[in-house]
Amino acid sequence: RIISIIDKLLKVHGPLYSSKWYVRKITELWEFVKKPFVGHNRIFAACLAWVSMGVLWGKTRMKWDIITATHFAVSALATGGLTGPPVNKDGILPLEPAVFCGVFCLIGIP
């Protein structure tokens, strides 16, 4: 839906053959950026976005380095679960990481 809205805006306000160079460049850039998100390639874009979300969560919320965060995101979706959030002193996973991991795996595992 967002892609079609931007397409309509660019067609109305800046066609590819506009006389203004910056309008042509923006339109060309948009055509390049949207290519992975349409057609058969969109599954790869969705997978990359989902893994990136897991990496971003690991970096920001768990304060992991990029390697550990990537290892978590990939291994969780591969059902290996080799890296996980730390448990508290009672051995229980806190609510926020538990909910994120549950939803991340529930939606992300095919």
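Trainee: What pattern does the protein chain follow, read along the sequence?
Mentor: Along the sequence the pattern is α-α-α-α-α. The protein chain has five helices and zero strands, both taken as DSSP runs numbered from the N terminus (helices: H or I, at least four residues; strands: E, at least two). This is a predicted model, where local features need pLDDT of at least 70, side-chain atom pairs count only at pLDDT 80 or more, and totals for chains, interfaces and linings use all residues. Residues are numbered from 1 along each chain as its sequence is written, and side-chain values use heavy atoms, leaving out hydrogens and water.

Trainee: Thanks! How much of the protein chain counts as buried?
Mentor: Of its 110 residues, 25% do. Buried is under 20% relative accessible area, exposed is over 50%, and partly exposed is in between (1.4 Å probe, protein chains only).

Trainee: On to the largest pocket. How much space lies in there?
Mentor: About 170 Å³. A pocket here is an open set of points on a 1 Å grid over the protein atoms alone, where a 1.4 Å probe fits, with protein on both sides within 12 Å along at least five of seven lines. The volume is the space filled by probe spheres set on the points.

Trainee: And which residues line the largest pocket?
Mentor: Ile43, Ala46, Cys47, Trp50, Leu77, Gly108 and Pro110, each with an atom within 4 Å of a point.

Trainee: Which helix gives the most to that lining?
Mentor: That's α3, residues 42–60, which contributes four residues. By type, the lining of the largest pocket has six nonpolar residues, one polar and no charged; Cys and Pro count as nonpolar, Gly as polar.

Trainee: Switching topic: how many salt bridges does a search of the whole structure find?
Mentor: Two, where a salt bridge is a side-chain nitrogen of Lys or Arg within 4 Å of a carboxyl oxygen of Asp or Glu. One of them joins Lys25 and Glu28, with the closest N and O atoms 3.6 Å apart.

Trainee: Where do Lys25 and Glu28 sit relative to each other?
Mentor: Both are in helix α2, and they are three residues apart, so about one helical turn separates them. Lys25 is partly exposed at 49% relative accessible area, and Glu28 is partly exposed too, at 39%.

Trainee: What about Arg61, which side chain does that one meet?
Mentor: Arg61 forms a salt bridge with Glu96, at 3.6 Å from N to O. Arg61 is in the loop between α3 and α4, while Glu96 is in helix α5 (residues 95–108), so this pair ties together parts that are 35 residues apart in sequence. Glu96 is partly exposed, with 33% relative accessible area.

Trainee: Last one: where does Phe32 lie, and is it buried or exposed?
Mentor: Phe32 is in helix α2, residues 21–34. Phe32 counts as exposed because its relative accessibility is 61%.
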